[in-house]
Amino acid sequence: MLVTNGVEDIMVPTENSYILAQQLPDAQLIIYPDAGHGHLFQYPKLFAEHVKLFLDV
């Protein structure tokens with residue numbers, strides 16, 4: 001499972017993403033700097049690259 005979050009997300013605190021990733025076998029965690037809940041819109045190209053890399057595995 002791919003878990004992503006912005007470091008400044010107030011809707012889903014970043015700490016929760018760390019906890020989630022630790023509880024899921026083989027989870028990959030990516031935290032985007034200077035981003036909030038809309039990290040996939042703040043870093044659209046980078047997010048797309050990360051998703052592609054994850055799906056290609």
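His39 sits in helix α2. Helices here are DSSP runs of H or I with at least four residues, strands are runs of E with at least two, and both are numbered from the N terminus. His39 is buried, at a relative accessible area of 6%. Buried stands for under 20% relative accessible area, exposed for over 50%, and partly exposed for what lies in between (1.4 Å probe, protein chains only). Leaving aside neighbours within four places in sequence, His39 is in contact with Thr4, Asn5, Gly6, Tyr32 and Phe47. Contact means heavy atoms within 4.5 Å.

This is a predicted model, in which local features need pLDDT of at least 70, side-chain atom pairs count only at pLDDT 80 or more, and totals for chains, interfaces and linings use all residues. Residues are numbered from 1 along each chain as its sequence is written, and side-chain values use heavy atoms, with hydrogens and water left out. The pLDDT is the predictor's confidence in each residue, from 0 to 100. The protein chain averages 96, and 100% of the residues score at least 70. Confidence is lowest in helix α2 (residues 39-42), with a mean of 96. It is highest in strand β2 (residues 28-32), at 98.

The structure holds 2 aromatic pairs. Tyr32 and Phe47 form a tilted one, 6.3 Å centre to centre with 50° between the planes. Tyr32 belongs to strand β2 and Phe47 to helix α3 (residues 44-56), so this pair ties together parts that are 15 residues apart in sequence. Rings of Phe, Tyr and Trp (its six-membered ring) pair if their centres lie within 6.5 Å; planes under 30 degrees apart are stacked, over 60 edge-to-face, and the rest tilted. Both Tyr32 and Phe47 are buried. Together with Tyr43, they form one aromatic cluster.

Now turn to helix α1. Which of its residues are buried? They are Thr14, Ser17 and Ala21. Seen down the axis of α1, these buried residues fall within an arc of 50°, so they line one face of the helix. The arc is that of the directions from the helix axis to the C-beta atoms. On the other side of α1, Glu15, Gln22 and Gln23 are exposed. The buried residues pack against β1 (2-6) and β2.

Take Ser17 as an example. Helix α1 covers residues 14-23, Ser17 among them. Ser17 counts as buried because its relative accessibility is 4%. Not counting residues up to four places away in sequence, Ser17 touches Val3, Thr4, Asn5 and Leu29.
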